[in-house]
Amino acid sequence: MPLSTITDPGTPLPPFAVSLGDPAGIGPEIVAKSWVMREARGLPPFFAVGDIASLRAVWLGPVEPIATPEEAAVVFDRALPCLQVADAGPVVPGTPSIDGARTAFQALEVAVGLARSGSAAGIVTAPVGKEQLYGVGFTHPGQTEFVAERCGVAPHNAVMMLAGPSLKVVPVTIHIPLGDVSSVLTVDLIRARAITTVKGLQRNFGVARPRIVVAGLNPHAGEGGALGREEIDIIAPAIESLRDEGMDIRGPLAADGLFHSRARETYDAVLCMYHDQALIPLKTLHFDEGVNITLGLPIVRTSPDHGTAFGIAGTDRANPGAMMAALKMAAEAARARLTHGN
Ligand SMILES: NC(=O)C1=CN([C@@H]2O[C@H](COP(=O)(O)OP(=O)(O)OC[C@H]3O[C@@H](n4cnc5c(N)ncnc54)[C@H](O)[C@@H]3O)[C@@H](O)[C@H]2O)C=CC1
Ligand SMILES: NCC(=O)COP(=O)(O)O
């Protein structure tokens, strides 16, 4: 049953579409390992989208080709269902190729389409090699912006949130050079990220009144302007306007003191000014269970927090923890949306 037609929260969800990412990365391995752990971890039914050969290159377990998502529900108990897209050519784990990047691109496209049509309950995306994707005509900075565009959502309204058991962070600027951060930060961008974050916490996580903290950009949050003016000119005005509108939001606060355990108890999410300010604390605390969830979309999209790990692909050393957490979070978000609205 398509997700859009489900009104009873007790109805089983359709299976999730899991794009396998770069065939030469650890995506196929962590998807296969997650299937093995499906019962022990209470994972929702899912099917792989990609090249079946990339699974067979790293795994001897049962894989069954399927032609439609509906078949996945039947197959899932006995084998990992896989919806075949383009043949990636010879798959050599750890050695990315042009054909592999094309396959990753196509798998993402197909998975998004299935979620948009309601045939899949949402998408979970295994890691892609961004450099490789850029080489085959992928013009978006990352999967976040690509999925947003396919869903008709403007990039500034699609929010990348990294979520772990004790921390949720949002990078306001994402995949841009560090030297460009200051010029890209605006009051409007911070406001858009904060508004989508609050709505996303309500819809996907059931947090009734989210508490948001905003990090400063500069050391000591600018020290009254002595160490930089972005806090005074951009960040504080954005926060004040949102607080005037009723949001529970505070800052800008010095980023270096925001992530210790007592601080983490005082908020639901931190808005960070740039990629590493957000992702370093999250991955330090929760690397093997961190989930990248895109807020602001009409569909559910999650992903493990890590990348392709080409260096260990094919060696059976990939930890499937973050992929399993991404599957669980996708199911929880889809269920929460049935209660809290899309
Ligand atoms: N969501 C996505 O599609 C993402 C893709 N990437 C891409 O991944 C590629 C490699 O990026 P890196 O910065 O090297 O990050 P990475 O996360 O692939 O690897 C960083 C380190 O963590 C290890 N690692 C990663 N995942 C692991 C797992 N599940 N189990 C055990 N060890 C694991 C790797 O072996 C490496 O030592 C790049 O092309 C980048 O664009 C990076 C982050 C996210
Ligand atoms: N560092 C996070 C990351 O690269 C994830 O990007 P996306 O492909 O999910 O947009």
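Author: With a term: domain bounds here come from an automatic or database domain assignment. The chain is divided into domain 1 (1-153 + 297-334) and domain 2 (155-294). Their C-alpha centres lie 28 Å apart. This is a predicted model, in which local features need pLDDT of at least 70 and side-chain atom pairs count only at pLDDT 80 or more, while totals for chains, interfaces and linings use all residues. Residues are numbered from 1 along each chain as its sequence is written, and chains are lettered from A and ligands numbered from 1 in the order in which they are written.

Reader: How many residues of domain 1 are in contact with domain 2?
Author: 21 residues of domain 1 are in contact with 19 residues of domain 2; contact is C-beta atoms, placed from the backbone, within 7 Å.

Reader: Which elements are on the domain 1 side?
Author: α6 (143-150), β12 and α12 each give two or more residues to the side that touches domain 2. The largest share, six residues, comes from α12. Helices (H or I, at least four residues) and strands (E, at least two) are DSSP runs, numbered from the N terminus.

Reader: And the sheet, what is the strand order?
Author: The order is β3-β4-β2-β1-β5-β12-β11-β6-β7-β10-β8-β9, an open sheet of twelve strands with mixed pairing. Two strands pair if DSSP finds at least two bridges between them. β3 (63-66) and β9 (248-253) are the edge strands, each pairing on one side only.

Reader: In what sense do β11 and β12 pair?
Author: Antiparallel, over three bridges, with β11 at residues 291-295 and β12 at residues 301-304. The bridge partner of Ile293 is Thr302 in β12.

Reader: Which strands does α12 touch?
Author: Helix α12 (residues 321-340) packs on the sheet and touches β1 (16-19), β2 (46-50), β5 (123-125), β6 (159-164), β11 and β12. Its direction makes about 165° with that of β12. Axes are lines fitted to C-alpha atoms, for helices over the stretch in contact, and angles run from 0 to 180 degrees between N-to-C directions.

Reader: Different topic. Which residues come nearest to ligand 1?
Author: Pro127, Lys130, His306, Gly307 and Asn319, of the 20 residues around ligand 1; a residue counts if its C-beta atom, placed from the backbone, lies within 6 Å.

Reader: Last one: what are the dimensions of the box?
Author: Roughly 60 × 45 × 35 Å along the principal axes, for the C-alpha atoms of the chain.

Definitions and conventions
Contact = placed C-beta atoms within 7 Å.
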